[in-house]
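Have a look at it first, then read on.

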Amino acid sequence: MIERAVDEDGKLTLTLHVNGRSRRVKARAHHTLLQVLRDNLQLFGAREGCGVGMCGSCTVLLDEKPVSSCLLLAPLAEGKDILTIEGLASPGGELHAIQQAYIDHTAFQCSYCTPGFILTTWALLHEKPRATPEEAREYLSGNLCRCGSYVKIMEAVMDARDRLAGG
Amino acid sequence: MIAFLQPRSIDEAVAALDHYGEDARPVAGSTALTILLRQGLVQPKALVSLAGLPDMSSVQQENAALRIGALVTHRAIETSPLVREALPALADTFARVANVRVRNAATVGGVLAEADYASDPPTAFLALDAVVEVAGPAGVRSIPIGDFTRGFYETALTSSEIVTHLRVPIPSDGTAGVYEKFVTRSSEDRPCIGVFAAVRLGEDHKSCAELRVAVGAASEVPQRFKDIETLASGNYLDDDVIRTVADGYADRIETLSDLRGSAWYRTEMVRVWVRRAVERARNVAMGIQS
Amino acid sequence: MRAIGSPVADTRFVGRRVPPSEGQQRTSGRLKFAIDHSVPGMLHARVLRSTAAHARITRLDASTAERMPGVIGILTGADLLRGGIKPTYGPVLPDRPLVAIDKVRFAGEPVAVVVADDVDTADEAVRLIDVEYELLPVYVDPEAATAPGAVLIHDTVRRRELITYPDLILNTDAGPNIFNHFKLRKGDVDAGFRQADRVFEHTYRTPQQQHVSLEPHVAICEIRDGRATVWSSASSPFTARFQVAETLRLPQSRVRVVTWHIGGAFGGKTYPRIEPLIAAVSWRVGGRPVRLEFSRAEEFYTIARHSSVVSIRTGVRHDGTLVARQVRILWGAGAYADISPRTIKNGGWAAIGPYCVPNAWIDSYAVYTNTTPAGGFRGYGVPQVCWAYERQMDEIASALGLDPLELRLRNVVHEGDSFSTGQTMRDVHVEDLLRSVAQRIGWQRPLPAPSHARAVRGRGIATTVKGTVTPSTSTASIKLNEDGSVNLLVSTTDIGQGSRTVLAQIAADALDVPLESISVAYPDTDLTPWDQTTSSSRSTAMMGGAVRTAAESVRRQLVEIASRLLEVGAADLNIENGSVSVSGAPARRLRYAELIRQSRSGNILGHGTHATEGGLDPETGQGIASHHFAQSACAAEVEVDLDTGRVHVADLAMAAYAGKVVHPTYAELQVEGNAAFGIGQALMEEMVFDGGQVANANLGEYMIPSLLDVPPRVEVDLLEDRSGDGQIHGLGEGGAPVVPPAIANAVSAACGAAIDTLPITPERVLRAVRGL
């Protein structure tokens, strides 16, 4: 049977692997992963900013790759490893070097876009541990910061790169 | 209520789409479709997920062509060693699309089926004479890209068909391809115009044996004029020849107006960017740093 | 950072780069925004919006929608006519219906609001509401709306008995579709023009633009036992409280507005729009809690920046001295007044620029248009007029054969000069800022070679002063707890400017306690005391002042208690380092905690008010426009592609007068942020209207700057007065207005393209280069 069962509210039961844990949620087919994270799982770090994949405030990592959770239909997120900003710090609560770098450089203002930037920074440095400033700018160009913290964000990213490379 | 279907084979997928007719939508990367859904612009009764279909997720080299599965993401093409080796300009074109998040989700099949005019890959497909492989209730068929894309958001696909693969012939050795994407607003803007140019030099390594130029985002569908391309054959690609080609394209393309530029401006940009793309392709072919 | 004046004794926290507040939360996604909030049993609302830009509603049928399972109720104009709540609202003129009553005046105007069990149901129900419109003529720009024969968008201009803001000047009878007219008359402008050797006349235009705060407007309202609570993204909770109280016809004591962090405001959330609407919606369903969150598209139908047509006429002597300036501004204010009467006043008196011009005549008109209502937007009218006067300065310089920098230096205001409003300028450093950016952009240096054969380079410069709302008032309370820790009760919202860090620094220094012992409350109108607004770059100065005054009160009370307990006169007591001690006998000391406990005070509550005075004459615009002026300058170096008209900003130098910097990093962030904002206004941002419909209501079509659009390095020079008397000068807005004219001036210098309309698109440049 290729059609997924729905309950009387028209909702599917989905099993999502979020931040290392299996979670069962109920959502309609057209609900996005962003909606499920926020409404079902109370993970508020991913945020809606544009609804069209442009701003990056909704960024999560899907199998270590940054995606717009505002565009990903929730059922399509099954079977993948989802990492949200809440899952970046160690289980003991120790901040990741990237998070610490953002704090140390005050690389934010209103901070609405910050989780998206941090996760994208993680993906950048995961793919290119020796990313040059040009490569970093190119990779992060799809994350928008209306407050305009770009200069300090780049400082934090380069500092995080150096820290992770053992500097 | 929207049903969610997860076929495990192409036949199952086609049968599901056929069953629902116009009331079902296939979904792969789900970028453009989600926007339409959330704005209520489409109200399907069923979503048919293509994510589980086998043999559509890789890039293979077969008979001097790349056969790209419809589920391959933009990012996968951008970073594929095979594509980078065989068709680097195609990888570059995919690399220019939107942002890294969209590229991690959006698929080749998706960009083909959407037929969005303000898009980059279709321009490359046209220049490279790509062929779209489609599966439907009546079986499979191969559609040259020029016949596949018909107009604004309009393709040759029926509502029961899906794209399964894209076949891109690899041009002869020594062909240099480039993609120029021109944006008029932010760096993240969609193209005002995109030009894919490919140059193959003759045995003298100076005159042009083959020129291909496709212009996208300037009109409803990407445009290519083989009669203008052949004007370059046998000639050195100097300023005059290049200008003739560029002006030819500018005169022939009925440009459109949108927020990225007026029709007048786009015509001027056809002139400028066909010239720049051909110059760069020529320089790459000649081994000169552009 | 550069300083003038020699520094006094080191403060412990003010002036230092202390760690930002909530660093862990910000980077872990745990920072609380209103969009995260929920209330048990809350329902969900969705808005049906007008598809017509100007029309009479001839039919509205919500009966099918009402009957849908899961729909609880629908608010329509008919409900507003039944009494019970006030149908219209607005921070100055209450001219805006909560939902359209008989007429719609802009595309996207709320016509009905559906309340349902969940958002999906509400969405479906909205689609079932039937509305018919009888179309009326549509006016998108203010010139069309004020042309003879234009149909009135509002038949009467509604007023309110009380004037909501002390600095308001209202003159609502200046013509059709004009709802405020600000006048400034200084000297004798006709005589000035007669004395002039040359007279220049230009018209400049700017479009409506969007704030694009990444967090959209969102609010929840519940009304229980005659008490309303609103949890919202409001950036000024007391303006929201005022409005909700008026709407629900409740005393303010029975309206509570609660806010947390705001995901960007830029002026778009200073005055209430979603709050009175959600209050009416909750009222409609018997006070049950209802949540309303706007989509990005709906943001385009909620609030925007004023478009402008600025006609500027300037008389100069041959040597470039400005002798007369006459400016007429038509502001496209959208369909409802919002805060426009004030914005156009601000832009009005600012239209002379930071220059000594003895004869000035300004007419600034707020014009109704059938577009999204315009309100406060970073710069508050100054960006539009700065675009005009700084562009014209370059035209004048070019015509007179003068260096644009030199022309400006000849005319900028200095200490003691008279401003357009007749105000004596104090603590102004415009010349210093201009020289700073000129030097750092390399104004005298030869231009580097362009990156390709069809490109040219050029440099441009611009400067401005911007006021802060005057008069204005902020109040703060400090609660010193029995363990010596401190709750700082302030209603400033943290919109990204770092107020929660900065105000804690000020409080910690003023109370002489560790920074970590300060806990800053989130604004809650039941608990935190009144603040006028978080806007106008005012909070560090005004709320900072109130915090210091509150701290003084706490210190006085501590000394009073110590005096009693230690049996020593107040004059013999010292207060420092968290305790009070006897002068000359430091062993006789009591820590704050001990003072509180021993006196059985429970806690010590200190309150402070900080207020400024000022105001302008309604006929002449003369008086005190601003308590102090934000001042900034920008120099830009651009490369223009002559074949495409595309402008690349190669280098940007910004300078601002900070007065006194409380947190250097946050100060830099403001100026860097203004630079990014300014690049957006300059090169890419415009709301495009197609017959009254917004053609680009999403971020794929309305573009804001990305990382790649801002130069990798933005040089920021913050000038400070370290002498100890330094007046904090707000940095939130001064930088943005100067970026577009600096870039346009650079473009003009590079290729001769004189752009008079924003944004500076490649097409506009190409047409200008080709003389089309």
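Chain C has 19 helices and 33 strands, where helices (H or I, at least four residues) and strands (E, at least two) are DSSP runs numbered from the N terminus. Keep in mind that this is a predicted model, so local features need pLDDT of at least 70, side-chain atom pairs count only at pLDDT 80 or more, and totals for chains, interfaces and linings use all residues. Residues are numbered from 1 along each chain as its sequence is written, while chains are lettered from A and ligands numbered from 1 in the order in which they are written.

**Chain C overall**
- The C-alpha atoms of chain C fill a box of roughly 85 × 75 × 50 Å along the principal axes.
- With 772 residues, a compact globule would come out with a radius of gyration near 28 Å, and chain C agrees at 27 Å (taken over C-alpha atoms; the globule rule is 2.2 Å times the number of residues to the power 0.38).

**A helix pair in chain C**
- Helices α14 (residues 499–511) and α15 (residues 539–566) of chain C have axes that come within 9 Å and cross at roughly 30°; axes are lines fitted to C-alpha atoms, for helices over the stretch in contact, and angles run from 0 to 180 degrees between N-to-C directions.
- α14(C) and α15(C) are therefore roughly parallel (angles under 35 degrees count as roughly parallel, over 145 as roughly antiparallel, 65 to 115 as roughly perpendicular and the rest as oblique).
- On α14(C), the contact residues include C:V502, C:L503 and C:I506, and on α15(C) they include C:M543, C:V547 and C:R548; two residues are in contact if their C-beta atoms, placed from the backbone, lie within 7 Å.
- Sorted by type, the residues of this contact come to 10 nonpolar, four polar and one charged (Ala, Val, Leu, Ile, Met, Phe, Trp, Tyr, Cys and Pro count as nonpolar, Asp, Glu, Lys and Arg as charged, and the others, Gly among them, as polar).

**Where chain A meets its partners**
- Chain B puts 28 residues in contact with 28 residues of chain A.
- α6(B) brings the largest share of the chain B side, five residues, and that side divides into 15 nonpolar, eight polar and five charged.

**Inside chain A**
- The domain assignment gives chain A a domain 1 (12–86) and a domain 2 (97–164); the bounds come from an automatic or database domain assignment.
- The centres of those two domains, taken over C-alpha atoms, are 21 Å apart.
- 16 residues of domain 1 of chain A touch 12 residues of domain 2 of chain A, and β3(A) gives the largest share of the domain 1 side, three residues.
- The axes of α2 (residues 97–104) and α3 (residues 114–127) of chain A come within 10 Å and cross at roughly 130°, which makes α2(A) oblique to α3(A).
- A:I98, A:Q99 and A:Y102 in α2(A) meet A:T114, A:I118, A:T121 and A:W122 in α3(A).

**Chain B domains**
- Chain B is assigned domain 1 (3–49), domain 2 (59–169) and domain 3 (175–286).
- The C-alpha centres of domains 1 and 3 of chain B lie 37 Å apart.
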